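Trainee: I've got a model open and I'd like to go through some of its labels with you. Can we take them one at a time, starting with the core?

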Amino acid sequence: MRKIKFPSAQSILLIIAALVTIMTWIIPAGKYNQLLYDKEAKVFSVKSAETSKNVPATTKTLDSLGIKIPLEKFTSGDIWKPINIPNTYKQLEAKPQGFFDFVKAPIKGIIAGADIIFLILFIGGLVGLMNTTGAFDAGISWLAKVLKGREYILIILVTALISIGGTTFGLAEETMAFYPILIPVFLAAKYDAMVGLACIFVGSSVGNMFSTTNPFSCIIASNASGINWTTGLTTRFIVFVIGTIICIIYIMRYAKKVKNNPTHSIIYDQKEEIETLFHKNSGTTIPLTSRLRLILLVFTLCFVVMIFGVAKLEWWFLEMTTTFFVGAILIGFISKIDENTFIDSFLKGAGELLGVALIVGIARGITVIMEDGLISDTMLFYASGMTEGMNKGLFANMMFFIYGGLSFFIPSSSGMAVLTMPIMSPLADTVGVGRELVVDAYIYGMGLFSFINPTSLILASLAMIKVGYDKWLKFIMPLFFILIVFTMIVLTISAYT
């Protein structure tokens, strides 16, 4: 009997898109009015489904709309996206999405996600160029010697550093650049690709889950809730440290089993395929010449510059992509390869990540269907009504699960914050808890669900190393449930202290 094969990432997303399309026929259409600050005209724009009008940008206007956010949060640019206005939800004429809307959604998603798609393609081109120069193989051979007998340090360092990046400035999409570099290093250390994937993806996810100074989640959510972002910071820092340690221990336990016996690897049947994909040399020691050292230095500096730019200079995808493009040109000059070889290597590397780029676009297409079908706000409206009459502990944990569920449909952390916080945070007042508890529930819920959320980055990350979603679930689910229990305990204690 033929064994049933688990669907590919693209197929999973298309199935989800089809289900969401059907949902637009079942869930009532509706929308909240939205408020947007016009920086040039220095006025608020209030938009409903039918009209749009300008009103004075004053505290009085905010009070009249029931928005408990200081005016300076808008004028300073801390809140730059439209926010939902409380108590303005109303049902609209249904706008169910049909077959042609379904098939057009992935294309719209690819267009909408062009920024991250080009980043992925340029990273692929740079990696293809690095493979041509031989610098990767030489560097990995050198690193394998240095780490011999102490490979576990690699797990601790990578997971901890990426986690710190996640909690401080929201390192997430940028980690796509790390897979082609770090996976070969983990393979050379006698681990499997799942260990490398976990260190990068889990590190980023747990960092974002327990954000401390992340401007794209806890800071923007606090602003949209009308509280200072430092409120609750001590608790978030403590749970960040504990959460990261839990994840490192979990990864190291799995890594030790694989190192002692490679057949214990969840992806053992793909061992040769993955090693071939990442050009792992078979015991051949490649000398690390001065030229190759310089090439590796330029390659590393691309990531240092990217991280510095994002954290300090407000860079985003355009600047990040340009950094890798400039790096590729410099490496081409240093390696002295001819023009045709340069172009062929770059295009080949970019082509290998084209499937990953398309996954990002298809995932964006699901959000397009929801927005066009006018069901996102309806789900938020009904979710906000689920917490009425609850005690503090139950309220906190219900918010945690509500945000986990909503993140399936709104995977953007900043988008989730500005759309939901003006609606959800006032519910804390009725229960008798601080609004920072809703902010915590939001970042914990979104962050935890990102470990398995097919509409977030996981499918694109898995596609980078050609690992199936089913195998990832087999690896991550025990950790997922451990973190659920840990987070529920933290929220319950926070609710009563």
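This is a predicted model: local features need pLDDT of at least 70, side-chain atom pairs count only at pLDDT 80 or more; totals for chains, interfaces and linings use all residues.

Trainee: Which residues is Trp 472 in contact with, leaving aside its neighbours within four places in sequence?

Mentor: Met 194, Leu 197, Phe 201, Val 202, Phe 451, Ile 458 and Leu 462. Contact here means heavy atoms within 4.5 Å.

Trainee: OK, on to Thr 88. Why does Thr 88 count as buried?

Mentor: Its relative accessibility is 18%, and buried means under 20%, so Thr 88 counts as buried. You'll find Thr 88 in the loop between β5 (83-84) and β6 (90-91). Apart from its neighbours within four places in sequence, Thr 88 is in contact with Lys 31, Tyr 32 and Asn 33.

Trainee: What lies 2.6 Å from a polar atom of the Thr 88 side chain?

Mentor: That's the backbone oxygen of Ile 85. The cut-off for a polar contact is 3.5 Å, and 2.6 Å is within that.

Trainee: And how far apart are Thr 88 and Asn 223?

Mentor: They are 135 residues apart in sequence, and 20 Å apart in space, C-alpha to C-alpha.

Trainee: What about their backbones?

Mentor: Lys 190 has a positive phi of about 75 degrees although it is not a glycine, and its place is in the loop between α8 and α9 (193-209). Lys 466 is not a glycine either, yet has a positive phi of about 60 degrees; it sits in the loop between α21 (458-465) and α22.

Trainee: Last one: how many residues line the second largest pocket, and of which classes?

Mentor: There are 26 lining residues, with Leu 143, Ile 181, Leu 182, Val 185 and Thr 300 nearest the centre. By class, 22 are nonpolar, three polar and one charged. The pocket's volume is about 830 Å³.

Trainee: Which helix gives the most to that lining?

Mentor: α13, with eight residues. α6 (135-146), α7 (152-169), α8 (179-188) and α13 (290-312) each supply at least two.

Terms used:
Residues are numbered from 1 along each chain as its sequence is written. Side-chain values use heavy atoms; hydrogens and water are left out. On a 1 Å grid over the protein atoms alone, a cavity is a set of points where a 1.4 Å probe fits but cannot get out, and a pocket is an open set with protein on both sides within 12 Å along at least five of seven lines; lining residues have an atom within 4 Å of a point. Grid points are joined across faces, edges and corners, and a volume is the space filled by probe spheres set on the points. Helices (H or I, at least four residues) and strands (E, at least two) are DSSP runs, numbered from the N terminus. Ala, Val, Leu, Ile, Met, Phe, Trp, Tyr, Cys and Pro count as nonpolar, Asp, Glu, Lys and Arg as charged, and the others, Gly among them, as polar. Buried means under 20% relative accessible area, exposed over 50%, partly exposed in between (1.4 Å probe, protein chains only). A polar contact is a pair of N or O atoms within 3.5 Å; within protein, one must be able to donate a hydrogen and the other to accept it, and residues adjacent in sequence count only if both atoms are side-chain atoms.
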